[in-house]
Amino acid sequence: MMSSFTFDEINAQPGIWRDWAAPLASRAAGIREWIAARAPREIWLSGAGTSAYIGEALARQITGEGPLLLPLATTDLVARPGLGANRPGPALSVQFGRSGNSSETVGLIDLLDAHMPGVDRLNITCNPDSALATSQGPGPGETQAIILPPATHDRGFAMTSSFTTMYLTALACLDAGFDAGAALPALSDAAAAVLPGLWSLDAPRPERAIFLGSGELTGIARESALKVLELTAGRTLTQWDSTLGFRHGPKAAVDGATAVFVMIHPDPQTARYDMDLAAEIRRQFPDISVTTIGGEGCDIALDLTGTAGDAVLYVLPAQVLAHRWSEALGLPVDDPFAGRNLTRVVSGVKLYGWQR
């Protein structure tokens, strides 16, 4: 195994979560009080790429009374400003960003300043010097920022610890039932227990890799697929879908060179559908690899903690496999495109003014 920033950042996650538990619990309690006082009708969950998938997963996960959670990627809001500007009632914009300086991050800040100054903002980023960390809207909307620990500002190309820690941070701020002070140490132990086995898995690189999950795990499946696609520089084609949605056409992508990963949801009712699909694919494609990921009895068994934060454990296999397969291809894991085509921070997108 070659040394890389990405290798270190994947393995650093248990320690990051444990150290972040107490500070996050304190900060999140204040943020929840602030949100309750501001009483938004809607909460927009925004980011680009991996950061957008945080919102997609959270919107499917947090239930109960409270504001409507809407996953609205910065890439969508910047291109179609009316998606936000024409929404009714008070809103809170939660924006995620590892660098906090990508083109669309700046574009959304500018859009809110110019056309939606009444929208409150909660900015969650890994970079204390970024636009996302330092911007303050003109008001009357209020702005709060949470800066994650320095170790989450990944130096590698792919987002790993930044994704999981921003996810847990937002979960603590938006779900009153998630006790970060207790949950993050438990998740830390669970991740530390599974990671060594993942690095030694017998899993040769497939030509195609498909990741499937239900509910919030659909967002985790999307992030898993992106990790493999990114770190293998597109040489492993990937796909993602919901468990039940996969049968409705996307299953056409399966061939003899495909590996399928099915995330078995912790909820027993949901897990029935996940397990049925895994069994179906095994019957229909007996010569391909079908791997279940989940609790006891799964091919990749996770030590689930029984908290909403368990979702982050499901992305660990893809993080590790993506690294291993990138290395097997002889790619520089920390920069698989060698500075061409894709870069760590998206920049250079031409931003256009908007007349409401």
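Four aromatic pairs are counted in this predicted model, where rings of Phe, Tyr and Trp (its six-membered ring) pair if their centres lie within 6.5 Å, and planes under 30 degrees apart count as stacked, over 60 as edge-to-face and the rest as tilted. One of them joins Phe 157 and Phe 337, a tilted pair at 5.8 Å centre to centre with 50 degrees between the planes. Phe 157 sits in the loop between β5 (143-147) and α8 (161-174) and Phe 337 in the segment after α12 (316-328), so the pair ties together parts 180 residues apart in sequence. Here helices (H or I, at least four residues) and strands (E, at least two) are DSSP runs, numbered from the N terminus. Phe 157 and Phe 337 are both buried (under 20% relative accessible area, with exposed over 50% and partly exposed in between; 1.4 Å probe, protein chains only).

Phe 163 and Tyr 167 also form a tilted pair, with ring centres 6.3 Å apart and planes at 45 degrees. These two residues are four apart in helix α8, about one helical turn, and both are buried.

Turning to helix packing, α2 (residues 13-38) and α9 (residues 180-199) pack at about 180 degrees with axes 8 Å apart; axes are lines fitted to C-alpha atoms over the stretch in contact, and angles run from 0 to 180 degrees between N-to-C directions. That makes α2 roughly antiparallel to α9 (over 145 degrees). The contact (heavy atoms within 4.5 Å) includes Trp 17, Trp 20 and Leu 24 of α2 and Leu 184, Leu 187 and Leu 195 of α9.

Residues are numbered from 1 along each chain as its sequence is written. Local features need pLDDT of at least 70, side-chain atom pairs count only at pLDDT 80 or more, totals for chains, interfaces and linings use all residues, and side-chain values use heavy atoms, leaving out hydrogens and water.

Terms used:
Parallel < 35°, antiparallel > 145°, perpendicular 65-115°, else oblique.
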